[in-house]
Amino acid sequence: MSEITMKTADTDVQSVPAKKINKRMVKFSRYFPLFIMLVPGLIYLLINNYLPMFGLVIAFKDINYAKGIFASDWIGFKNFEYLFKTKDAFIITRNTILYNGGFIILHTVIAIGVAIMLNEIKNKLMKSFYQSVILLPFLISMVIVSYLGFAFLSVDIGYLNKTLLPMLGLEEIQWYFEAKFWPYILTFIHIWKSVGFFCVIYLAAIIGIDKEFYEASTLDGASKMQQIWYITIPSIMPVIIMMTLLAIGRIFYSDFGLFYQVPMNSGAIYDTTNVIDTYVYRGLMQLGDIGMSAAAGLYQSIVGFVLVLISNYIVRRKNKENALF
Amino acid sequence: MKKTKSFAKFFMIILSAILVMAGCSSKESNTSNGDSKAAPYEVTIAYLSFANIDDLPAVQEEINKITKKKINATVKLMPIGPAAWQQQSNLMLTGNEKLDLIVTTASGGFLTQAAKGQFIALDDLLKSHGQDILKVVPKHLLEGGKVKGEIYGVPSMRDFGMNYGFGMRKDIVDKYQIDLSKVKTFADLGEVFKLIKENEPTLIPVVNAKSVANPVTVVTGGLYDQLGDYLGVMSFKDKKIINLFGDPDYIKALELVREWYKAGYIAKDAATSTDTPESMIKANKAFGFFNRMKPGYEVQEQSMTGYEMVTVRLTDVYSYTDAAIGINLSIARNSQNTEKAMELMNLLYSDKDIMNLLANGIEGKHYQVKPDGTVSLPDGVKESKYVFNQWEIGNNYLTYPWEGNSPELWEEMKKFNDSAILSPAFGFQFNPDPVKTEIAAATNVLNQYKDGLETGTLDPEKSLPEFNEKLKAAGLDKIIAEKQSQFDKWKKENK
Amino acid sequence: MYKSDRITQWVSHTILLLLSIGSIIPFIILVSSSFTDEATILKDGYSFFPKEFSFAAYDYLLNNSGSILRAYGITVFVTLFGTILSLTITSLLAYALSRRDLPYRNTFAFIVFFTLLFNGGMVPTYLVYTEIFDIKNTIWALIIPGLLMNGFNVLLMRTFFITSIPEPVIESARIDGAGEFRTFFSIILPLSLPILATIGLLQTITYWNDWFNGLIYLTEPSLFSIQNILNRMLADIQFLASNNLGGNAAEAASQIPSTGVRMAIAVIGVLPILIAYPFFQKYLVKGIAIGAVKG
C-alpha cells in the first residue's frame, strides 16, 4: 500500500512548495519500512477478500451463465423479497438476534471468569491440564458435535432417555420434537464448544498485563477481587471491546452447524431453531439460486456493518484508543 | 473526507489489478488453445462416486485404447465424492474449467442449471453425432426432460418407474407363518405390525428413516406426481395440479400412519434418524420398512441387511416426470469440443466394452464372468479396487449384472419400465423462476412439517391445519396457479 | 492474606475441575462408542463404557483409506507451513497497524475490518482463485484461500501490540539506531510470545481442521488432507438424506460408514492436535515468565 502514499506525493509535486515536499519525503522515507510491512497482508486481503467482492452484484441480478455474470439482467431487489415476505421472516430474525445476543454476553462473561481463574492457578501441571481440556470441545467439528448430541438426546438409544432419566425416575422425553428445550440446549452447546476458544484469547491478554500493577496493589493491601475489578478487567478492556464489536458485526450470521446439524434438521422444533442462515439454506436447496443466496449474505452484512459503525462510534466517544478504527 | 478519498484510491487500485490480472489470464488461455492440434481430444467426464477407486487410472487407460481408435479421443474420468458433489459440480459449471461431460441429477438442480445456461442444447448434436443414443433411449424419456423446448440431458438407462411396498425379514415372516398374500392394501399391514409388536418386543415393526421414502409417500404411491418439489402436485385422478396436503386420499394416509405411530409400530425417531433402516435391521432391532422398489430390490436389501428379505408390493409401476431428468449426462457450457463429447456419449450408449470397463472394471482383475452371464469378483480377490455406481452413466443394459441378480436383470428391467403407468404430467418440467420467492418460503414450511406428519410423529388433526395455513401464507396458491398455467401451456404445445 | 490466597486457589480448582469434567464427558462417549460394536449401540444405546469391545470401526478406517498416511503427511505440511506463513504476514501487518504514528492508520484498520463483514461469497472467490490464479488441484489450495490470514487475527494482534508493548520500548530502539525491521524482529516479537502462541494455536487448529478448501478446490485424491478424507466419509450420509435418488440411494447407502466409524473418525481427527497442544501451552506459560521479567 505504499503506492497510495507515493501517488499522493507525486500529484502534489507541482502545487506544493518545496519545503513541504521535503518534509513529506522525510516522513515518507521514515515510514517506508512500515508500509513494506503492510504490503503482504494487504495484497492477500485484496486477492482473498476484495477481488471476490464483485460477487456482491450477483444479489441484484438474474444470473444466466450463458450471458456471464456481468452481462446478466439487473432485477433490482427481487432477490431480497423472500427474506421479508412471510411471517417466518420475523421468527428467524428474532431467533438470530436473541441467540447471538445471548451468546455474546454469556461466552464473554464465562470466558473471562475462566481465564482469570486459570491465571490464578499456581500448580503448572494442573493449569495446563485444565486449559487443554476446556479447549477440547473447540477442536471438533459441529457434525461430530451433532453426533454427540444425538448420543445424549436420541429418543430410544440416547444416554439421557436410556440411562439418566430412568435413573431419576423421570419419563423419557422426545428431545427432537420439543421446541421449548432447544434454546437451552443450543446455548449450552455453544458455550461448551466456544468457551475454550475465547478463554485462550482473554488469557493471552491477561498474561500480557504488566505484573508491576499487581505487586503495587498487593502492597497497598488490595484484595483479589479488587485487583480483578480494578486491574485485570480494565487492562483487558480493549480486547473485550474488540471481540464484542466483531461479534456484533456478525450478529445476523449464525453458526450453521449449530443450528442445522445439531437439531438434526428436525422440523418440529423450527420455532426455536430456525435462524436466517438455516432458513436461507432450506429455502434455496431446491432452487439453487445464487442470486438469492448472495442477497441474503448482503443483507446480513449490511445490518452487521451498520450496527458495528454505531457501536464503534459510541466506543470512540468514550475512549478513542479502544475503538476499532 | 480524507478517509473516503484514500478509500476510493484503494478501490481504484483493486480495479486496475483486476484488469491487469484478467488481461494476463485471457492471454494465457489463448496460447493454450493454439497448442492443441490434431492430437486426440481429451474428453473430461465428471460423475458421482461413492467408493474405492484406486485402480481408476488402469481402467481409464483401457477405455482410452478403444476411444482413441474409434473417435480419436481420450477420456479423463473425474470421479467426485458425494460430500463434494453438490459444490464442485456447480462450481465447475460456473467457471471456465475444462469439463465436457457431467452427470446431472434432478435433485442436484438439473432444471435450474439448464435454464441458467450451464449446459449445451443437445438436439442437433444428437442428430449429427449421437445416432445410437436416439436408437437406445426411448423417445418419451429423451423428450420428457426438455427445458424451454430443448434437450439438455440424456438419461442413463436404468429403472424409470417404481412400485411401492413394504420389505421385511423373511425369518420373522416364516416364524409367525404370516400369509403375505392376504395383504392386499396398505391398511392390511397393520395386522402384521400388530403381530410383531406383540410377539417381538425387541423389534420395531417399521423403521423408516431419512435415507428412504416416508411411510405416507409409499402409502400414497401412484396417486400423485410430486413434480419435483411437492408444492402443487399432479393428481393422477383429477389430471390437474392440486395441493397435496389438502387432498382427502393423502389425509387418509396421514391418519393411517398416525394410528400406526400411536400404536408404537413406527420408530419414534423416524422423522429425524440418520441411521439407515438397513443398519437397524442388521442390528436385529427392526422388522422392516416402507420403500420405493424396482426389480432386484430384495437381493440388494439382503446384501445390506444380512437377512433374507421379502416384500409385498402393493401398487402398479408408476413413472413420474422426474424419471426423465433423474440422472442424466449433459454437455457442459465450457466444453471445448462438443462434437467429440457427443461422440463419446454415443459410445457410452452403444459400446459394450467401454460400458463394461466403466461399470465393472477390467476383466480378470476386477471381475470374472460366470457361466450364467453374471459377474463376480475374480477368485482370490477379496475387495475390488474399482467400484462404480452403475446406474449413473450410459446404457447399463450393455453391462454384465453383478452376481446375486438375475442374469435376466436388464430384460426384467425393460419389462418393468414398459409396464409403468406414465404420469399425466410426464414430460412437463416446471420453471420455478416466476415464483421463486414463494418457493423459498414454502420450502421452509414444507421442511418444518412434512417429515413429522408423514412418519406419524406429528398429529395431523393438530398440525395439518397449521401446516396448510402456513403454506398459504407462504404463497402456495400462487405456486399452484403458476404451475397449472405452465402445465396448460405445455399440454397445448404437446398435443 | 495467605488465607484469601488459599481460598482463591481452592475455589478456582473446584470450578475448573467441574468445567473440565463437563468438557470431557462427551469425549468419553465419543471414544467409547468408537470401540463399540455398531449393533450393540443400536440395541443398548450409547454408554460410557463399551459393553462389547470392537475394533471394527478402526479396521474399516484402515482398510478404506490406504491413503490415510499420505493424508496425514499433507495435513502436517499444510499446518506447519501455513501457520508459519500466516504468523509472519499477520504479525507484520498487525504491528504496522498498531503504530500510533502510522499515516492513514485508521483507513488501513478499516480496510482490514471491512473484510470481516463483507465477502463476495463462495462462487466469486472460487472464480478468482481458479480463473486468475489457477490454484485448483495444487497444494496451495489448502493453504491460501480463506485461511492464510484473517482480519480477526490481525485486529486481535494489533490490540495486543497496542496494549502490551510500551511505546518507550520502540522509541528507545529507534534512538539506538535500529531499523524498523530489526526492531520488529529482535525486540517486538520476543515480547509478544503470548499473542504469537495464541494466534499460532488458532491458525494450527484452523489448518488442521479445515476440510472446506479441499472440498471445493481438489478433485485429485492424492492431495486430500486427513480432514478431507474424514469429512468425505461423514458427508455421504447427509448427501443421501437430502438427495432423493430413489431406489438407487439404497445401493449407495450400503457404502456409508456406521455410527461407530463416525465416532472413530472424530477421534482420529482430534487426537493429533491434542498431542500438539502442550507445545503451544509451553509458550503461553513462557509468556508469563517474560511478563514477570518485564515487571
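Across the interface of chain A and chain C there is one salt bridge, a term that here means a side-chain nitrogen of Lys or Arg within 4 Å of a carboxyl oxygen of Asp or Glu. A:Arg30 and C:Asp101 form it, with their closest N and O atoms 3.4 Å apart.

This is a predicted model, in which local features need pLDDT of at least 70, side-chain atom pairs count only at pLDDT 80 or more, and totals for chains, interfaces and linings use all residues. Residues are numbered from 1 along each chain as its sequence is written, chains are lettered from A in the order in which they are written, and side-chain values use heavy atoms, without hydrogens and water.

**Chain A against chain C**

The same interface has 17 residue pairs in polar contact, both residues at pLDDT 80 or more. A polar contact is a pair of N or O atoms within 3.5 Å; within protein, one must be able to donate a hydrogen and the other to accept it, and residues adjacent in sequence count only if both atoms are side-chain atoms. Helix H2 (residues 18–50) of chain A gives the largest share of the chain A side, 18 residues. Helices are DSSP runs of H or I, at least four residues long, numbered from the N terminus. By class, the chain A side has 66 nonpolar, 15 polar and 14 charged residues. Nonpolar covers Ala, Val, Leu, Ile, Met, Phe, Trp, Tyr, Cys and Pro; charged covers Asp, Glu, Lys and Arg; the others, Gly among them, are polar.

Contact means heavy atoms within 4.5 Å. By that rule, 95 residues of chain A touch 104 residues of chain C. Buried area is the accessible area (1.4 Å probe) that two parts lose on being put together, summed over both. For chains A and C this is about 9300 Å², with 75% on carbon and sulfur atoms. A:Met37, A:Tyr44 and A:Tyr147 lose the most area in chain A, together 8% of what that side buries.

**Inside chain A**

The bounds below come from an automatic or database domain assignment.

| Domain of chain A | Residues |
|---|---|
| domain 1 | 2–60 |
| domain 2 | 78–322 |

Their centres, taken over C-alpha atoms, are 37 Å apart. Four residues of domain 1 contact seven residues of domain 2. The two domains bury about 440 Å², 80% of it from carbon and sulfur atoms. A:Ile58, A:Ala59 and A:Phe60 supply 83% of the area that domain 1 buries there. One residue pair is in polar contact.

Terms used
Helices (H or I, at least four residues) and strands (E, at least two) are DSSP runs, numbered from the N terminus.
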